[in-house]
Amino acid sequence: MLGNLNIRVIADYFPALWQGFLNTLMLSGLGFAGAMILGIIACALTIQPLRWLRAPAIAYVDCIRATPLLAQLYFLYFGLPRLGILLPEIVIGIIALALNSGAYVAEIIRSGILAIPRGQFEASMSSGFTYLQRMRFIILPQAIRPTISPLIGQAIVLVKDSSLLSLISVVELARVGQQIALDRFMPVEGLAATAAGFLIIYYLLKALAGFWSRFDRVPGRS
Amino acid sequence: MFWFQVERLLNYWPILLKGLGMTISLSLLSLLVGCVIGLLFGIIRAGRIRWLSALTGLYIDLFRGTPFLVQVFICFFILPTVGIELSAFSAGVIALSNLSACFIGEIIASGIKAVPKGQSEAALSSGLRYSQQLRLVILPQALRIVRPSLVGQFILLVKDSSVISAIGIMDLTRSGWMIVQNIPNGLLVFGVVGIGYFIICYPMIFVARRMERRQQTSIL
């Protein structure tokens, strides 16, 4: 199957593939930035005591987690024009990615904060720290650390999910691969090039996660 | 206008129900196959044969690192070029089972590694063979540890099955896509599609959360 891989075709299409690769990076980067913002807001809303603010945040997280990204994407793609909001496909795609990953980011951060033992709050209070000092020196350093690895995991998921945007005709890596497959009737070359591009991003992010877990190792703790 | 569209959507009810049935049968079939192969992958991955474990790890990485959409296309468009003709349904089931086997394999391997070493040592000194150790001592404990993540994986599997609609399988997402061509109200149509997925997935999310909570209290 790979023995008669036509390298020439991949070389011919290299500029298009490179552009698709960059687009995938750009889409995922913007999507992840949006997801972080949404996730932090949603998380802040779910752990504060006011019920009428908490309920919509919980509903958002649960609805996103219980439905597939593709259905969410079509919901926005076919639904937004209905509301009179006309946006280019690429913007709809980034919004869908951010909304989708935002819910997972919220869950990750929430579990990071909830994992801090109560004693930490009490001890820092009785040591005379002000609220800001408590957050700055005691709570946040402990809350953020354990979320880094799962957040990188979520970034990996998001990069792969961004390939679904090809189904609403956003030009990114998977779309270019499909074009090669259709224009030249060479599915092997097109899909192999696409897969290779995504694998590069995957291994880079995986290496980052590995680097972080070595860096994060606290002496005396597993 | 809105009620008119709701009325028209009611006419498409059979298509939506069929789509829901397709999504459920795709997911269940892939779940079954994925669990069996995944268990095998997990045992190999956590096993003592170094090169086999590394090879399985590489295979798992290949599928964890590429988008599921690309994998579905590979099953549907490339396997026929090497002489394996597949219907869209079987291509979808193969892609989905393979993906879930990879994820379940990693989950089970992590569970096996999380069982304290003393357990396998005790089993060894009780005179159990490796296969007996695994079956009677290690796996029961490992599966208990990974139960919440396994349920999480099942939820992902149901959601990933929507991607298979890209090769024309009439699942829930695809039936929504068909209907929206006739009723141009994406919010309504995909709202209903979303409710369909919600009905399948939310109970599992609920169960996974309860398991997690119970496990946290049992460890403390």
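How much area is buried between chain A and chain B, and what share of it do carbon and sulfur atoms give? About 3,300 Å² is buried, and carbon and sulfur atoms give 71% of that. Buried area here is the accessible area (1.4 Å probe) that two parts lose on being put together, summed over both. In chain A, Phe78(A), Arg82(A) and Leu191(A) lose the most area to chain B, together 18% of what that side buries.

This is a predicted model, where local features need pLDDT of at least 70, side-chain atom pairs count only at pLDDT 80 or more, and totals for chains, interfaces and linings use all residues. Residues are numbered from 1 along each chain as its sequence is written, chains are lettered from A and ligands numbered from 1 in the order in which they are written, and side-chain values use heavy atoms, with hydrogens and water left out.

Now the contact itself. Chain A brings 33 residues and chain B brings 42, with contact meaning heavy atoms within 4.5 Å. Across this interface there are 3 salt bridges (a side-chain nitrogen of Lys or Arg within 4 Å of a carboxyl oxygen of Asp or Glu). Arg209(B) takes part in a salt bridge with Asp62(A) at 2.9 Å, N to O. That pair runs from helix H3 of chain A to helix H9 (residues 186-219) of chain B. Arg209(B) also meets Glu107(A), at 3.9 Å, N to O. Over all chains the count comes to 7 salt bridges.

Between chain A and chain B, 9 residue pairs are in polar contact, both residues at pLDDT 80 or more. The rule asks for a pair of N or O atoms within 3.5 Å; within protein, one must be able to donate a hydrogen and the other to accept it, and residues adjacent in sequence count only if both atoms are side-chain atoms. On the chain A side, H3 (51-65), H4 (69-79), H5 and H9 (187-215) each give two or more residues. H9(A) gives the most, with 10. Helices are DSSP runs (H or I, at least four residues), numbered from the N terminus. By class, this side has 21 nonpolar, 6 polar and 6 charged residues. Ala, Val, Leu, Ile, Met, Phe, Trp, Tyr, Cys and Pro count as nonpolar, Asp, Glu, Lys and Arg as charged, and the others, Gly among them, as polar.
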